[in-house]
Amino acid sequence: MRTFLPLLALTCLCACGGDQTPEEAAPNAAVAEETPAPTPAPPAPATPVPSSDAPTPTPAATATSSTAGRVSRYTSLSDCRVLRSAPDEAGFSESSCPGLGDYRLKLVEADGRQNLLLVSGGREHNLRLSSVTSGGFSELGKRIEWRGREQDGSFRPDALILRYDVVENFDQPTRPTSYLLPVSLERTPCLSAKIRPGADQNDRARAAADGPGKCL
């Protein structure tokens, strides 16, 4: 009987040890399961490789020159002096305006249309601006661009560019067509081109003014 009691106690201890749950047997394992695993960082996006077909940017055109050595100078038609005026005669007026080099300008207005004459060496050269447009009501831009080169410290113009707004659709008198008119000063001054509105109009007008200078 004495031998049986210790054996019975030992059997009970073994049975109790076998009833332990996994949590009781390994408490640290339970903590590990409750802690969420860190989320891996998303991979960095790959840097795009430039395409060999992409166009190469071109430098912007300079504001004063489209041909090496050529520059622009400006005068204003706001600085004119009225020489004659006859409002009752279709609003006629004639004004003297500053120029550059050996040239000065004469602005003539009548019947809602404007024209420009170049005066040099005592002679007047009528540009007859309406002859290259529709002949509708017209107005010159206030700024005149002169093209040429600096020589011996002075500017020598050989061309100029006029802004000329012409009403070509009489149903829309407030929406004129805005032309640029290059004028050649070589030999007898004359219109050398008519540049319609559009992309790079100023650059196209300067290229024409810097060209051979043939009259229209």
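## Strand β5 and its antiparallel neighbours

In β5, the bridge partner of V108 is N115, a pair that belongs to the antiparallel arrangement of strand β4 (residues 104-110) with β5, which extends over 7 bridges. The model is predicted, and the values given here are computed from it.

On its other pairing, β5 joins strand β6 (residues 123-126), again in the antiparallel sense, over 4 bridges, and here L117 stands opposite N126 in β6. Strands of a sheet pair through backbone hydrogen bonds, in either a parallel or an antiparallel fashion.

| Hairpin | Residues between the strands | Residue with positive phi | Phi |
|---|---|---|---|
| β4 and β5 | 2 residues | D111 | near 55 degrees |
| β5 and β6 | 2 residues | G121 | near 60 degrees |

These strands are part of an open sheet of 5 strands, in the order β2-β3-β4-β5-β6, in which the pairing is antiparallel. The edge strands are β2 (81-86) and β6, each of which pairs on one side only. From one strand to the next, the twist averages 20 degrees.

How many of the 8 residues of strand β5 are buried? With buried taken as under 20% relative accessible area, 7 of the 8 residues in β5 (residues 113-120) qualify, so the strand is largely enclosed by the rest of the structure.

Technical notes. Residues are numbered from 1 along each chain as its sequence is written. This is a predicted model: local features need pLDDT of at least 70, side-chain atom pairs count only at pLDDT 80 or more; totals for chains, interfaces and linings use all residues. Side-chain values use heavy atoms; hydrogens and water are left out. Buried means under 20% relative accessible area, exposed over 50%, partly exposed in between (1.4 Å probe, protein chains only). Two strands pair if DSSP finds at least two bridges between them. Axes are lines fitted to C-alpha atoms, for helices over the stretch in contact, and angles run from 0 to 180 degrees between N-to-C directions.
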